Amino acid sequence: MQELIKNALPQENIMNQAIVEALRLQHWAGFLSHSQVLQLCRDFELTPLKLAIHLLPIAACYSHTAVSHFNVGAIAIGEQGDFYFGANQEFAGKAIQQTIHAEQSAISHAWLRNESRITDIVVNYTPCGHCRQFMNELDGADKLSIHLPHSQNNLLHTYLPDAFGPKDLDIETHLLAKEEHHLAADFQDPLINHAILAANQSHCPYSHSPHGIVILFKDGDIVTGRYAENAAFNPSLPALQTALNFAYLNDKKLSEIERVVMVEKALTLSHRVMAESLLLGLSAIKLEYIAL
């Protein structure tokens, strides 16, 4: 990741050097806190939006595009000004529905860092219909601004007029809001309990079937994933995808995975088969599945 990021922007530029140094200090995680953003903006006389647009080539470095070879970078801006990078993630040899789009990547990244509201999405290409529908699930979607290098300050609903979403189904709790499914984390295995805590925070108001994933790496680091459901169903993002995406954006190597645990309360649907299939194509580690 280090070399990809250094090659993405000319390093003779002092601002680019400062950006690379900020990312190096946090071990190449695709995230800038609001204080880092403000410091960069002060030092180089930029607005946060101009900085985000400048950072898009770096966000795209986190892409894995074995199918399309077309990298997309995105940045979700949180309510306090934190920058959450995102990039499209593809999985060769698997169903194309397993793909993670860049906007989904940035939003789920923010969600797993416990961001409560996203005010802006900055992306280097116009969002596809799939991503527009996914963004419409967000708390505050009616005020969400979309910014492209060639066109800024566009409300989501200018891209998605006459939209169908959670409000049409009388759903009051939207994606990124605090959720609790009251699943008891009382197993002796702490890794299973981590997965249950993740499942408890799933957004699944349509199927009422929460699930969570935990990935243990050989260095002891733990990454969790939660299920993000969508009113249109197909743009939903399973927990394994949100976990893998978070791992990629924190420069974790999938070859270093030691265990993967999935817990699920499958009332009206199950993601077990899809998760097993995807993991089989990425790692020799077998999915450990616990039904609740």
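## Contacts along the chain

Among the contacts in the protein chain with a separation of 6 or more, 65% join residues 24 or more positions apart, where contact means heavy atoms within 4.5 Å. This is a predicted model, in which local features need pLDDT of at least 70 and side-chain atom pairs count only at pLDDT 80 or more, while totals for chains, interfaces and linings use all residues. Residues are numbered from 1 along each chain as its sequence is written, and side-chain values use heavy atoms, with hydrogens and water left out.

## Overall build

Buried residues make up 54% of the 292 residues in the protein chain, with buried meaning under 20% relative accessible area, exposed over 50% and partly exposed in between (1.4 Å probe, protein chains only). Along the principal axes, the C-alpha atoms of the protein chain fill a box of roughly 55 × 45 × 35 Å.

## The annotated binding site

An unreviewed UniProt entry places the feature "binding site" at Asn88, Gln89 and Glu90; UniProt positions are given here in the numbering used for this structure, feature names are shortened, and annotations may be inferred rather than shown by experiment.

Asn88 is buried, with a relative accessible area of 7%, and Gln89 also counts as buried, at 0% relative accessibility. Leaving aside neighbours within four places in sequence, Asn88 is in contact with residues including Ser63, His64, Phe70 and His101. With that exclusion applied to Gln89 too, the contacts of Gln89 include Tyr62, Ser63, His64, Asn245 and Tyr248.
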